Amino acid sequence: MDPLVLGIESTCDETGVALVRGLDLLGEAVASSMEEHARFGGIIPEVASRAHLEEMIPTIEAALGSACMDLRDVDAIAVASGPGLVGSLTVGVAAAKALALALDRPLYGVNHVVGHVAVDELVHGPFPERFLALVVSGGHSSLLMVDDIATGVRELGQTLDDAAGEAFDKVGRLLGLPYPGGPHVDRLARGGDPTAIAFPRGLTAPKDFAKYPYDFSFSGLKTAVARWIEACVDDGREVPAADVAASFAAAVADVLVTKTLRACDDHGVDTVVIGGGFSANSQLRELAASRCEAAGITVRIPPIRYCTDNGAMIAALGSAAVRRGVPPSDLGIGVDSAMPLGVPVA
Ligand code: KG4
Ligand code: ZN
């Protein structure tokens, strides 16, 4: 029988704990401090760390309870040791070390971003031999080449400025929507015309494509949206919010999917896994499904609750590492707020 891995996630505002054996998710629990940040219009690191401290033990207990298990059943501990907010990461890593030490079990410090990909194996079954992963969230927009989820991840490109979710949150603010704006812009965009305004597609001009084939840039697009809204207001016209949202969302989805398909072609890969909180975005989901189908590429996207931060993604990556015989992390492991994506297990 595969070892039972307890995974702990605390990189940002979600405290997540899950139990995974092999590819089976046996129990999980998640607590979020997002409501405490909403009134500030952004995540306040100190508030997030404090919430993790309060929620860590109840969340571990809830996850064990949902699996009808005891701490003594756990064979290994996995924890997201980066990238993320230093204070938040520290709470999770300290909890994981305490458990590893007290239970005398191996500790695996794993990469949060790679976890966003790893979780898909729990839902859609074993990964193919090689695949591409697009991880999109409030903090990341990265294209990864994956030869092995626990030992062979290579970053092909990432955003040079804003992440996709971050750009949505900023446009949400421009349109007067509540924080986080991403899901609100998505909803508004569904009622608008995506072809109404020709917003720029960052880093897709031929010279940019040559220099930055797999990188993204969304800050120019965000500025273009801001200028367009300003011009509208200056002219005394009403801002067609749904059309702005739809045209903006179409530009983001277009760039993400175009670059992902280009990477598939260049690397001879026929499967793409999309993960991270922004993969909840309906414009991205629809465009990825239609263009990948046309190109003969299989797309795997986990259900939305496994796209946002959760413990299952960390337990899944820990489970993959244990099954591959990857050596455990040192108990003296630190947190790495900027952990490179080519390091699945620290
Ligand atoms: O992965 P995640 O839960 O947290 C981070 O690690 O950042 O991603 C949250 C981000 C936020 O920026 C949120 O606005 C965005 O993903 N988001 C969306 C949608 N759902 C979440 N953006 C656009 N459309 C959505 N449906
Ligand atoms: Zn995340």
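This is a predicted model: local features need pLDDT of at least 70, side-chain atom pairs count only at pLDDT 80 or more; totals for chains, interfaces and linings use all residues.
The domain assignment divides the protein into domain 1, made of residues 4-119 together with 310-323, and domain 2, residues 129-304. Taken over C-alpha atoms, the centres of domain 1 and domain 2 lie 28 Å apart. In the contact between them, domain 1 takes part with 16 residues and domain 2 with 16 residues.

The size of an interface is often given as the accessible area lost when the parts come together. For domain 1 and domain 2 the buried area is about 1,200 Å², and 81% of it falls on carbon and sulfur atoms. On the domain 1 side, Val 113, His 116 and Val 117 provide 44% of the area buried against domain 2, more than any other three residues.

What polar interactions link domain 1 and domain 2 across the interface? One residue pair is found in polar contact, with both residues at pLDDT 80 or more. The count of salt bridges between the two domains is zero.

The side of domain 1 that touches domain 2 can also be read by its helices. Helix 1 (34-38), helix 4 (112-118) and helix 12 (311-324) each contribute at least two residues to that side. Helix 4 gives the most, with six residues. The three residues named above, Val 113, His 116 and Val 117, fall within the 112-118 range of helix 4.

By class, the side of domain 1 facing domain 2 consists of 12 nonpolar residues and four polar ones, with no charged residues.

How values were computed:
Residues are numbered from 1 along each chain as its sequence is written. Chains are lettered from A and ligands numbered from 1 in the order in which they are written. Side-chain values use heavy atoms; hydrogens and water are left out. Domain bounds come from an automatic or database domain assignment. Contact means heavy atoms within 4.5 Å. Buried area is the accessible area (1.4 Å probe) that two parts lose on being put together, summed over both. A salt bridge is a side-chain nitrogen of Lys or Arg within 4 Å of a carboxyl oxygen of Asp or Glu. A polar contact is a pair of N or O atoms within 3.5 Å; within protein, one must be able to donate a hydrogen and the other to accept it, and residues adjacent in sequence count only if both atoms are side-chain atoms. Helices (H or I, at least four residues) and strands (E, at least two) are DSSP runs, numbered from the N terminus. Ala, Val, Leu, Ile, Met, Phe, Trp, Tyr, Cys and Pro count as nonpolar, Asp, Glu, Lys and Arg as charged, and the others, Gly among them, as polar.
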